[in-house]
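Please look over the notes below with the sequence and the model at hand. They are set out as numbered points, each meant to be checked against the coordinates.

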Amino acid sequence: MRQQQRILITGASRGLGASLARRLAGQGIHLDLCARDISNVRELSETLISLGSTVAWASVDVADIPSVTEWIETICSQVPIDMLVLNAGVFDGRGEDGALETPTRAAALLGTNLTSAVVVALTVAEKMRAQNYGHIVFVSSLASFAAHADAPTYSASKAGVTSFARALREDLASSNVRVTLIHPGHIATQQTQQHIGAMPGLVSSEVAADRIVAGMRRGKSEINFPWILRLGLACLAILPWRLRAKLNQPFRFQVRNLPPSERS
Ligand SMILES: NC(=O)c1ccc[n+]([C@@H]2O[C@H](COP(=O)([O-])OP(=O)(O)OC[C@H]3O[C@@H](n4cnc5c(N)ncnc54)[C@H](OP(=O)(O)O)[C@@H]3O)[C@@H](O)[C@H]2O)c1
């Protein structure tokens, strides 16, 4: 039996990823964390170490497949991974000028939110299957059920993550590898600073991380919150699209590109 559990979290420098790292940290837990910009992670690292964890940071762009694959392979060549949390993500959509994101930005978003999650999960899943244990956690979104007219690419990226995670879970069912799929609603992070519009059920990243970790510890395979929004989206999904579009009107939004001075 190994003394230490190894948990890898992508996009852990702030927001939900940082809160999940704080919630999962503890004695006997080694955390491998990444983000593109890791220049401001000192305070977070000190907190994680004070909670009993050891921590290693890497500056990795998960959309850069050779880089993220090299990071994963280096880690796996040392010690097996117990848990992989695929959290890194970006948000984009209709800007304040009313225009949707450009095709180039849409392709970049898919690379970060969907392609990288699929590639990293497959890389790690094979290793977990071979070791016959492990846990892969996908951070998707309630947007995967919403098909937001103001963020079609983001919605598609999260619907892709949800579909992939459900398929992978079934494929891995005969091994001792768990897959957990998270569908959060609005969480107060840099992502929601970009969202201009109503955000019903907004919670802090600490509350979101508490719900996720509590659900994982209860062995849930899918964690959705707030449940009322999940229920509302399930009801909307069975309506004709014109009626659904009418009911969605109060929740239409725009996406702000944050200037560097406002980034957390
Ligand atoms: N906030 C919400 O309302 C909400 C709701 C549902 C789902 N989610 C999902 O929750 C996850 C976390 O989002 P958040 O709200 O915490 O957003 P956030 O505050 O913007 O944090 C995103 C994290 O991901 C990292 N990241 C972004 N692109 C990356 C890349 N290409 N490579 C490596 N790291 C990258 C960021 O660091 P760098 O920028 O330095 O790389 C940061 O650490 C995302 O998957 C998001 O879609 C959020």
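1. The residues lining the second largest pocket divide into 6 nonpolar, 3 polar and 3 charged, where Ala, Val, Leu, Ile, Met, Phe, Trp, Tyr, Cys and Pro count as nonpolar, Asp, Glu, Lys and Arg as charged, and the others, Gly among them, as polar. This is a predicted model, in which local features need pLDDT of at least 70 and side-chain atom pairs count only at pLDDT 80 or more, while totals for chains, interfaces and linings use all residues. Residues are numbered from 1 along each chain as its sequence is written, and side-chain values use heavy atoms, with hydrogens and water left out.

2. The volume of the second largest pocket is about 310 Å³, a volume being the space filled by probe spheres set on grid points that are joined across faces, edges and corners. On a 1 Å grid over the protein atoms alone, a pocket is an open set of points with protein on both sides within 12 Å along at least five of seven lines, a cavity is a set where a 1.4 Å probe fits but cannot get out, and lining residues have an atom within 4 Å of a point. Among the residues lining this pocket are Gln 5, Ile 7, Asp 82, Met 83, His 135, Arg 178 and Arg 217. Strand 1 (5-10), strand 5 (134-139) and helix 8 (205-217) each supply at least two residues of the lining; helices (H or I, at least four residues) and strands (E, at least two) are DSSP runs, numbered from the N terminus.

3. Met 83, which belongs to that lining, points from strand 4 (residues 83-86) the same way as Val 85, whereas Leu 84 and Leu 86 point the other way, and all are buried, that is, under 20% relative accessible area, with exposed meaning over 50% and partly exposed in between (1.4 Å probe, protein chains only). In a regular strand the side chains alternate between the two faces of the sheet.

4. Strand 4 runs parallel to strand 1, to which 3 bridges join it, and parallel to strand 5, with 4 bridges; two strands pair if DSSP finds at least two bridges between them. Ile 9 has Val 85 as its bridge partner in strand 4, and Leu 84 has Ile 136 in strand 5. Strand 4, helix 4 (residues 103-131) and strand 5 make a right-handed β-α-β unit, right-handed meaning that, with the strands pointing away from the viewer, the path from the first strand over the helix to the second runs clockwise.

5. How many cavities of 30 Å³ or more does a search of the whole structure find? The search finds 1, and the largest cavity has a volume of about 60 Å³. Helix 4 gives the largest share of its lining, 4 residues, and the lining as a whole divides into 7 nonpolar, 3 polar and 1 charged. Leu 86 and Lys 158 are among the lining residues.

6. Gly 93, in the loop between strand 4 and helix 4, is buried, with a relative accessible area of 0%, and its C-alpha atom is separated by 5.5 Å from that of Val 255, 162 residues apart along the chain. Ala 147, in the loop between helix 5 (143-146) and helix 6, is exposed, with a relative accessible area of 61%.
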